[in-house]
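Opening the notebook on this one. I want to go through the sheet, then the helices against it, then the pockets.

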Amino acid sequence: MKLRKVEMIKKLLLISLWLLHGFPGSALAADLRGITIQVEFIEVKHSDLTDLIFDKPFESDSGKLRKQIQEKVRNRDADIIDTVVIRTRDTVRTNTVSADQIKYPVNYDVTGAAGFEIQNAGIFVRVEPLITEDKKTILLNIFSEFSERIADADYGNNAKGVRVIQPQFHKARMETSLLVTDGTYSFAGTARLNKAYNKNREDPIVMVFVRAMINQSDEN
């Protein structure tokens with residue numbers, strides 16, 4: 001009886017692997033092409049952004065806008081805060097984290113902290129691409145988050161006489177779905193950080209650009 005159960009479990013595991021990776025030689029396995037995704041966070045002056053997009057159509061190909069921003073970067077009127085590059089495969093959800101883990105107490109007893117939580121302070125990006133039937137456009141689900149530790153809030157002593165101090169965070173979060181053409185830039189939207197990346201820039205805003213490129217070979 002035990003032997004039959006073991007064999008059944010083996011068969012179920014084999015079927016699961018086939019479903020995840022495709023049957024050998026099948027079209028499903030062949031279609032899992034590699035994709036490289038680039039996400040850029042660029043700080044500009046708010047008034048410069050409005051000048052660039054005023055009375056202009058928002059097109060799926062934002063290459064012209066990206067070139068205008070690059071010119072501002074060269075002239076030091078804009079700053080690239082960060083560039084995230086992720087290599088993945090068609091339909092595979094992938095994420096990357098570049099952050100400091102901050103551990104802080106959430107529960108207290110008479111001896112001090114009794115329970116802790118961890119919050120990341122940094123950049124988190126998650127992508128999930130899907131190559132469409134024309135093999136030239138990609139449906140891209142993307143989530144990005146900037147998390148900044150901005151201060152420590154002192155709440156004084158609790159009922160047990162333990163001093164309660166909690167870190168405060170500012171989060172700039174974006175979650176959207178884009179239809180992008182292979183290799184072209186797409187302007188995903190804007191976000192606000194707690195502090196300017198360039199301290200000399202007044203009224204800064206962050207532009208988020210995305211580019212997805214289908215790899216020329218099946219290797220990722």
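How many bridges join strand β7 to β8, and do they run parallel or antiparallel? I counted 6 bridges between β7 (residues 185-191) and β8, and the two run antiparallel. I keep in mind that this is a predicted model.

I looked up two pairs here. T190 sits across from M207 of β8, and G189 is opposite V208 in β8.

**β1 against β8.** Next I went to strand β1, residues 34-45, which is joined to β8 by 11 bridges, again antiparallel. One pair I noted is E40, whose bridge partner in β8 is F209. A reminder to myself: strands of a sheet pair through backbone hydrogen bonds, either parallel or antiparallel.

**Burial of β8.** Why do I call β8 largely enclosed by the rest of the structure? Because 8 of the 11 residues in this strand (residues 204-214) are buried.

**Largest pocket.** I get about 280 Å³ of space for this one. The elements giving two or more residues to its lining are α3 (46-53) and α4 (63-74). The largest share, 3 residues, is from α4. Among the lining residues I listed L52, I53, K64, L65, Q68 and F187. Sorting the lining by class, I have 6 nonpolar, 2 polar and 4 charged residues.

**Second largest pocket.** Its volume comes to about 180 Å³. Here the elements that supply two or more lining residues are β4 (112-131) and β5 (137-157). I see the largest share, 3 residues, coming from β5. The lining includes G122, I123, F146, S147 and E148, and I also noted L193, K195, A196 and Y197. By class I have 6 nonpolar, 2 polar and 2 charged residues for this lining.

Note on methods:
Residues numbered from 1 in each chain as written. Predicted model: local features only at pLDDT ≥ 70, side-chain atom pairs only at ≥ 80, totals over all residues. Heavy atoms only, no water. 1 Å grid on protein atoms, 1.4 Å probe; cavity = no way out; pocket = protein on both sides within 12 Å on 5 of 7 lines; lining within 4 Å. Points joined across faces, edges and corners; volume = space filled by probe spheres on them. Helix = DSSP H or I, 4+ residues; strand = E, 2+ residues; numbered from the N terminus. Nonpolar A, V, L, I, M, F, W, Y, C, P; charged D, E, K, R; others polar. Buried < 20%, exposed > 50% of the residue type's maximum accessible area, 1.4 Å probe, protein only. Pairing = 2+ DSSP bridges.
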